[in-house]
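My notes follow the order in which I checked them.

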Amino acid sequence: MVYDPDRGRSVLFGGQGANELVAETWEWDGTTWLRMSPAHSPSPRTERTMAYDAGRKQTVLFGGGIPGNTLRDTWLWDGRDWTEVSPAVSPAARNGAQMAYDAAIDRVVLFGGAVTRGVLNDTWTWDGASWAQLAPPASPPGRFGQMMAYDSDRRQLVLFGGRLPDNTRLRDTWEFDGSGWREVKPLTSAPAGFDGVMTYIAASRRMMLANEFGSTVVDEFAWDGTNWSELGTVSTPTQRIGPAMVYDSRRGRIVLFGGSSGTPVGDTWEANACGG
């Protein structure tokens, strides 16, 4: 799920339903979920990665997984229809990657993901028409299921955690300044985790991380560029893994949808972004 600030909508695509993968597109306007009826659509899949490209005012979707295979297609959503694009160069097929829009360079940045034989640690950018692979002097080790979001005040893309093929959970923190990665070694860190949610709350100028939804109580952490600090233990929606979460900047609300508690969960929750 991503947030489109130009239209004031949270955009949701695909995932795992009760009995099958789905290829539905939905939008949340703060009151109602609207099922969209595009003429074209990506195929059903899970673990795709999406980001809102503010420079081009469109949602970008890349890759994902289907049983026995991974995908490498690129799709664009303009609020009415999906368009598949076929750039001459493209990242390899993968699932569990992460993307975020980097306003400092006006590009969507993609990092990592899982492939059949392991994990990737490559960095790519999307300019609205083509993919370009970067060659930074340093890079986070390969992983999938990491959390990544852009800090618009510090103009840094922040990456945390993820996991390895043997299910080892990671807890390292990296920042991307538009040209290269650097590892930040905080004195205090959030717990190791993967498939959590992280979003930048512009209203309170903090990066909010919740990397485990394994119970009805979740520890939230904030990143200030130097250290992770625990925001406190808060009551949350019922136990689940893999929910989607975005920050609705127009309404100052955090929006959370779905996840799994053994079976898919389809509820929607909101919280005041400035309320701790």
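How many bridges join strand E11 (residues 118-126) to E12? I found three bridges, and the two strands run antiparallel. Strands here are DSSP runs (E, at least two residues), numbered from the N terminus. Two strands pair if DSSP finds at least two bridges between them.

Before going on, I noted that this is a predicted model: local features need pLDDT of at least 70, side-chain atom pairs count only at pLDDT 80 or more, and totals for chains, interfaces and linings use all residues. Residues are numbered from 1 along each chain as its sequence is written, and side-chain values use heavy atoms, with hydrogens and water left out.

**Sheet E9 to E12**

I looked up one residue pair first. Trp126 has Trp131 in E12 as its bridge partner. I then traced the sheet. It is open, has four strands in the order E9-E10-E11-E12, and pairs antiparallel. Its edge strands are E9 (98-102) and E12 (131-133), each pairing on one side only. From one strand to the next, the twist averages 30 degrees. For such angles, axes are lines fitted to C-alpha atoms, and values run from 0 to 180 degrees between N-to-C directions.

**Sheet E5 to E8**

I went on to an open sheet of four strands, ordered E5-E6-E7-E8, with antiparallel pairing. Strand E5 (49-53) and strand E8 (82-85) are the edges, and each pairs on one side only. Neighbouring strands of this sheet are turned by 25 degrees against each other on average, direction ignored. Inside it, E6 (residues 58-66) and E7 (residues 69-77) pair antiparallel over seven bridges. I picked out Ile66, which stands opposite Asn69 in E7.

**Glu27**

Glu27 lies in strand E3 (residues 21-28).

Which side chains make polar contacts with that of Glu27? I found Arg7 at 2.4 Å and Trp77 at 2.9 Å. A polar contact is a pair of N or O atoms within 3.5 Å; within protein, one must be able to donate a hydrogen and the other to accept it, and residues adjacent in sequence count only if both atoms are side-chain atoms.

**Leu187**

Last, I checked a loop residue. Leu187 lies between strand E16 (181-184) and strand E17 (197-201). Leu187 is exposed, at 81% relative accessible area. Its C-alpha atom is separated by 8.0 Å from that of Thr226, 39 residues apart along the chain.

Notes:
Buried means under 20% relative accessible area, exposed over 50%, partly exposed in between (1.4 Å probe, protein chains only).
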